[in-house]
Amino acid sequence: MGEERFEDGWRVDERCTNCDVARQLAPGLIGEVDGHSVVLRQPRGRTEVRQLNAAAHACPSRSIRPPAGRLEAALDPFPIALDDTVHLCGHNSPHTAGANSYLLRRPDGTAMMVDTPRWSTSLAARYEGLGPVTDVLLTHRDHAAHGRRYADRFGARLWIHEGDLDAAPDADRVLRGTDPAQIAEGVVAVPFPGHTRGSVLFLADERYCFSGDSFYWSRTTGDIEVADSVTWYSITELAASLARAADRLRFEWLLPGHGDRRRLPADDMAERLQRLAARTRELQPRPIDFNAMRW
């Protein structure tokens, strides 16, 4: 039998904001050219069609267009399980600059949402299908959009750090200072000023690090990096946060808001964080430049 053929016509339209989300979900199919995502080639099998549909349903600007022109709800794969504990929410919101968000399942059958996808009642119902959501954890101000709406829908507690409280002034729980705080069984909040004044890491089970925009996995460098070209508060404070916490952070999964995800042995992650802390100490403040991001 000949190779199964699939309809050509996948494309990226002019609304693309170069947020990298589609490239994370459809590597090799969607790439970056001149500061925007483009379809590098058409899909060659069902797996690649699924990857493109995931990219299309996650894209915050809805720029990934299928051959028929309209997305089919029946082909929406989200939330996608990354393992038996964490799901990727998809449906990234233009109001969070296209940030990734996650559902963290807990042993008692409940779940926590880390940062927020775009808001809709149908999406909220879908996420609730994984279990009652008890908490919505905001890593920083840039990802606060929709937090209150999701928390109210779920009957959940909304968390943010005092440094970014003006972005969610009606938060139910406010983290303070720079000391780590256990907020639930197996879940620790680590204040991490730098990207913003109120940035926070959320660590779960010594396996998962939800890093917000404090650091991420770069495909370009093949390592953990800081977004020094998009640091709103202070690169010096970010270096201090890394120096303070790098030798205490233990995790296998790096799960950022922007940039790629990565799973590595905990010892490997720890060594990379130590090297990142050393590199970040040498960085100087620079103007905001989204185009300088090393995805």
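Visitor: Is Asp-267 buried, partly exposed or exposed?
Guide: Asp-267 is partly exposed, with a relative accessible area of 49%, where buried means under 20%, exposed over 50%, and partly exposed in between, using a 1.4 Å probe and protein chains only. Please keep in mind that this is a predicted model, in which local features need pLDDT of at least 70, side-chain atom pairs count only at pLDDT 80 or more, and totals for chains, interfaces and linings use all residues. Residues are numbered from 1 along each chain as its sequence is written, and side-chain values use heavy atoms, with hydrogens and water left out.

Visitor: Which residue does Asp-267 meet in a salt bridge?
Guide: Its partner is Arg-250, at 3.0 Å from N to O, a salt bridge being a side-chain nitrogen of Lys or Arg within 4 Å of a carboxyl oxygen of Asp or Glu. Arg-250 is partly exposed as well, at 36%.

Visitor: How many salt bridges are there in the whole structure?
Guide: A search finds 25. One of them joins Asp-268 to Arg-272, whose closest N and O atoms are 2.8 Å apart; Asp-268 is partly exposed at 23%, whereas Arg-272 is buried at 16%.

Visitor: And which residues are linked with those two in a network?
Guide: Asp-223, Glu-225, Arg-279 and Arg-294 are linked with Asp-268 and Arg-272 in a network of salt bridges.

Visitor: Switching topic, what about Glu-162, which residue does that one meet?
Guide: The side chain of Glu-162 meets that of Arg-176 in a salt bridge of 3.0 Å, N to O. Glu-162 is partly exposed at 35% relative accessibility, while Arg-176 is exposed at 54%.
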